[in-house]
Amino acid sequence: VQPPLPPVNGQFRQPTDVAWDNDGNRYINDGYCNARVAKFTKDGDYVKSWGQTGSAAGQFDKIRGIAADAAGNLYVADAGNQRIQVFDGEGTFKSQIAGIGTPQAICVSGGASQYLYSSNSNDPESMEHGEIYKLNLTGQVVGRFGKAGKLPKQFGIVNALDCRTEHDLIVGEIWNWRAQKVTLKK
């Protein structure tokens with residue numbers, strides 16, 4: 001195992017996800033080794049980064065997914081600390097969401113009432129967990145569906161979520177080598 005490289009501006013070591021805000025700024029998780037989020041302008045110019053390894057607010061352990069809401073808040077799946085941390089667009093810590101397992105992939109739905117979806121990904125050696133949580137943007141769980149498995153509506157290590165609407169999700173799975181379209185009842 002190679003030691004993590006010190007983060008330098010726009011240089012990454014195994015980035016895990018990317019999100020865009022309404023102004024076109026890009027936020028990239030450099031999560032496997034460097035435990036940080038980097039911000040770039042819509043033109044690709046480096047602005048800043050924040051985070052380091054740890055468990056305090058603003059620190060990360062194995063960050064995975066990242067998503068932005070319409071207000072410009074960022075949601076970062078801090079899998080190793082079993083939480084989602086919420087930041088403003090400048091990297092200021094706002095809150096955290098816990099009690100939803102180990103978040104891997106996350107997304108924020110479009111529409112007037114936005115929702116945060118988070119996968120509680122199962123371990124590759126286990127058929128436990130695997131569900132996807134639906135939360136309001138304050139972190140309150142409003143629904144949960146799925147479980148680990150290989151059948152339709154079951155999931156095997158969800159590593160990507162797309163939720164452009166509140167009711168339609170595309171779910172990418174590593175373990176099952178597939179993507180599923182899931183339509184939730186209204």
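Reader: Is Thr-92 buried, partly exposed or exposed?
Author: In this predicted model, Thr-92 counts as partly exposed, because its relative accessibility is 45% and that class lies between under 20% for buried and over 50% for exposed.

Reader: Where does Thr-92 lie?
Author: Thr-92 is in the loop that runs between strand S7 (83-87) and strand S8 (93-98).

Reader: Which residues is Thr-92 in contact with, leaving aside neighbours within four places in sequence?
Author: Those contacts are with Val-86 and Phe-87.

Reader: And how many residues apart in sequence are Thr-92 and Ile-66?
Author: They are 26 residues apart in sequence, and their C-alpha atoms are 15 Å apart in space.

Reader: Turning to the sheet, what is the order of its strands?
Author: The order is S5-S6-S7-S8, an open sheet of 4 strands with antiparallel pairing. Strand S5 (63-68) and S8 stand at the edges; each has a single partner strand, so one side of each is left without a neighbour in the sheet. From one strand to the next, the twist averages 20°.

Reader: How many bridges join S7 to S8?
Author: There are 5 bridges between S7 and S8, which run antiparallel. In one of these, Val-86 has Ser-95 in S8 as its bridge partner.

Reader: Changing topic, how many aromatic pairs are there?
Author: The count comes to 6 aromatic pairs. Among them, Phe-60 and Phe-87 have ring centres 5.9 Å apart and planes at 55°, so this pair is tilted. Phe-60 lies in the loop between strand S4 (46-50) and S5, whereas Phe-87 lies in strand S7, so the pair ties together parts that are 27 residues apart in sequence.

Reader: Are Phe-60 and Phe-87 buried or exposed?
Author: Both Phe-60 and Phe-87 are buried.

Reader: What about the rings of Phe-145 and Phe-155?
Author: Their centres are 6.3 Å apart and their planes stand at 70°, so the pair is edge-to-face. Because Phe-145 lies in strand S12 (residues 141-145) and Phe-155 in the loop between S12 and strand S13 (158-162), the pair ties together parts that are 10 residues apart in sequence. Both Phe-145 and Phe-155 are buried.

Reader: Which residues form one aromatic cluster?
Author: The cluster consists of Tyr-27, Trp-50, Phe-60, Phe-87 and Phe-93.

Reader: Finally, over which ring does the charged end of Lys-134 sit?
Author: The charged end of Lys-134 sits over the ring of Tyr-115, 4.4 Å from the ring centre. Likewise, Lys-150 has its charged end over the ring of Trp-175, 4.7 Å from the centre of that ring.

Technical notes: Residues are numbered from 1 along each chain as its sequence is written. This is a predicted model: local features need pLDDT of at least 70, side-chain atom pairs count only at pLDDT 80 or more; totals for chains, interfaces and linings use all residues. Side-chain values use heavy atoms; hydrogens and water are left out. Helices (H or I, at least four residues) and strands (E, at least two) are DSSP runs, numbered from the N terminus. Buried means under 20% relative accessible area, exposed over 50%, partly exposed in between (1.4 Å probe, protein chains only). Contact means heavy atoms within 4.5 Å. Two strands pair if DSSP finds at least two bridges between them. Axes are lines fitted to C-alpha atoms, for helices over the stretch in contact, and angles run from 0 to 180 degrees between N-to-C directions. Rings of Phe, Tyr and Trp (its six-membered ring) pair if their centres lie within 6.5 Å; planes under 30 degrees apart count as stacked, over 60 as edge-to-face and the rest as tilted. A charge sits over a ring if NZ of Lys or CZ of Arg is within 6 Å of the ring centre and within 35 degrees of the ring normal.
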